[in-house]
Amino acid sequence: GLSNPRAFVVSTMTDVSETEPNNDVGQAQKIDLETTVNGVISAPTDVDYVMFKAKAGQNIVVYCLTTSIDSKLPAELQIVRIAKGVGLQLAFSRNYWNNDAVADAVLPEDGDYFVRLCSFTYTQGGPDYFYRLTVSTVPWIDAVYPPVVEPGKDAKVTVYGRNLPGGAVDPQALLDGRPLEKAVMNIKAPSDAAALHRLAFRGFVQPTSGFLDGFEHRLKNETGTSNPVLIGFAKAPVVTDNEANGAPDKAQPVPVPCEIAGRIQKKNDRDCYSFTVKKGQILNIEVFADRLGSAMDTQFALYNDQGDKLTEQDDNPDIVAPQFFNRTDDPPRYRFTAPADGKYTLVVTSKEAFLSYGPRYLYTARITPEEPDFRVVAMAMSNYQTDAVVLGQAGHLAFSVFVQRSGGFTGDVTISADQLPPGLTMRPQVVAGNQKQAAVVVSAAPEAPPYSGPIRLVATAKIAGKKETREVRGASITWSLAQVQQQQQNTPTVSRLDRELVVAVRDKAPFILSVDKTQFAVPQGDRITIPLKLTAIDFKGGVQISALSLPTGMAMQPKTVQPGKDDTIILDSKTTVLPGNYTVVLRGQTQPPQPNQQPKPGGPRNLIQTSPPIFVTIVPKTLAKIAVPQNNPKIKVGGTAEVTLKIARQFDYSGSFKVEVDPKGTKGVTVQDATLKAGADEVTLKLTVAPGLQPGSNATVTVRLIAMFNDAVPVPHDVKFTLTVVK
């Protein structure tokens, strides 16, 4: 089948392989300009040299890709000129972006120049420490300002970088002490609906940026094409930093809603923006920098017009899962409810503004009304190691899906297939509103033909009564965790976004987990008994069964089942499992997990399969608290009365209640059936006393209010109150 994915670069450059020995100036590998050397730092103390000829005045850009191509190498590079036996460093770089390095130099004279590449601190090396080292005069983009544009509109942006077409050196735009070029140009963002919810970027995308939307921008000159840079989609009109707003009393007025594009350009710089809102107005305030690829570590504070600090927001600790570790240095989204009419001031700063600033220290600050939305990423089911996705005939394959909800959205998300090859099917499966992570399953028919290639999944949800559809993005773990790390819970993996989800279909699955019943609806706290059968193809041993991505509070004890025998799996829903719709997937493994250990020769194979999806609805015991009259209502013999019941809804249930009277619990009183309308919080009952009741007696009324959970499962609520009969 297919392997796990790896980055592969298609370049317009001349590509050559590293030639050893190249460990010193005298051994330097000779290359031409516009050449990429594909090499490896084979040992921690390994140093690689290349030599190239160039002319005076040429601006040579040298970039070493490591993180961008799934390498572990922390690259350190230098551009060096040797004159009269003495080395002169013209440029130096490391940690330009993660472990990539980029340096450039305007050459002082015709002649030979050297690039020296090593592992920073000389402590890491080996086969996993490979690189692509390019020596070129192509453009290199360091930043685009503003980094967001409005969909479908022409926007004027300033590009900062090296060898820019039409660019000129800007003495104020310093990076590592060297001035960058800048060029002003127009960009038009896509406008079609699908593009606005897509991340159309062919470079490396780490989990931090995995839920963004945007597109890539590149430049070309006569020698080639630049690196890609991400341009985001603005959610409101873009306002740029006026660069004269360094104090609250000089705050730049901005409209609401807006998307502010700012930058930290000088030491201890900070940007202040003021906006006016009405009492009770709700806004989301969110700052993006790290996620856009900026070098800036942002924080922001919000003040009222008396100068009182209302909030200060720093790093966002929230993640969807350790497998897709999307923690960011950007502050979390802040939901602001204006306490009073007036003007408020937003102050954006960089935590390292005393030390670091310049063209790459960009950010956007979004001030907009709440806009509920969601994005979804799927990847192979493994929690800690690189994995392939191979599906056997008649078998089932599980993916982990990670949902990021925003703008106050808390609803269910349904995952289904949009494009599958012949023989594959996928039933729509739900990620409950209280889940960030779940498992979903693709199944193969017994005669599914072989296949290797992409599949397309989509996610849908209802927002404000309208069905919204989003593409499911693919991702994978890049490097397996060491065994010690695997034994530690919640250890972050090294992962990234992929261009697409892929799957391979091959021969018969080694064993099949069959489930006779796939739909369950149980009250909170009840146990769920799932009938299970194991059919083995080429072995006789037992299979250990566990569950994948169970909702919080649901538990299952691992169990070993034997081939050919009917068995059951017990899930304990407990009272802590929130009501909702869940997808449960069982996982079968022929040996207990022993990562990084090869099976003993002649020993049993370590095989893994999953069950088809199992759909579980946890039904709440109540959907409302019902208040009855505190004092006994009075009613005359043969007369009528009205009694009002007040309803406090639970679990966001907003539907209707059918109101019935229990005839067994109600004697001598007739109550007219009624309906509590959707969204209402009280219902009035009309009661009539039978003539046979005597004044001074009491009559008990039992009322049942029935709600339909998920429009399918009735949830009854019984209440009683007493009437006093009077003359």
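Residues are called buried under 20% relative accessible area, exposed over 50% and partly exposed in between, with a 1.4 Å probe and protein chains only. The model is predicted, so local features need pLDDT of at least 70 and side-chain atom pairs count only at pLDDT 80 or more, while totals for chains, interfaces and linings use all residues. Numbering starts from 1 along each chain as its sequence is written, and side-chain values use heavy atoms, without hydrogens or water.

Strand β26 (residues 298–303) is mostly covered. Of its 6 residues, 5 are buried. Strands here are DSSP runs of E, at least two residues long, numbered from the N terminus. Two strands pair if DSSP finds at least two bridges between them. β26 runs antiparallel to β29 (residues 342–350), joined by 6 bridges. Within this pairing, Q299 stands opposite T349. β26 also pairs with β27 (residues 309–313), again antiparallel, over 4 bridges. Here Y303 has K309 as its bridge partner. The β26–β27 hairpin has 5 residues between the strands. In this hairpin, G307 takes a positive phi near 90 degrees.

A nonpolar core is a set of buried Ala, Val, Leu, Ile, Met, Phe, Trp, Tyr and Cys residues joined through side-chain atoms within 4.5 Å. The largest has 32 residues. L645, L685, L687, V703, L705, F721 and L723 touch the most other members. Elements giving two or more residues include β53 (640–649), β57 (682–689) and β59 (713–726). β58 gives the most, with 6 residues. Contact means heavy atoms within 4.5 Å. Beyond four places in sequence, V703 touches L645, V659, E660, L685, H717, D718, V719 and F721. A second, separate core of 30 residues includes A380, L457, A459 and V472.
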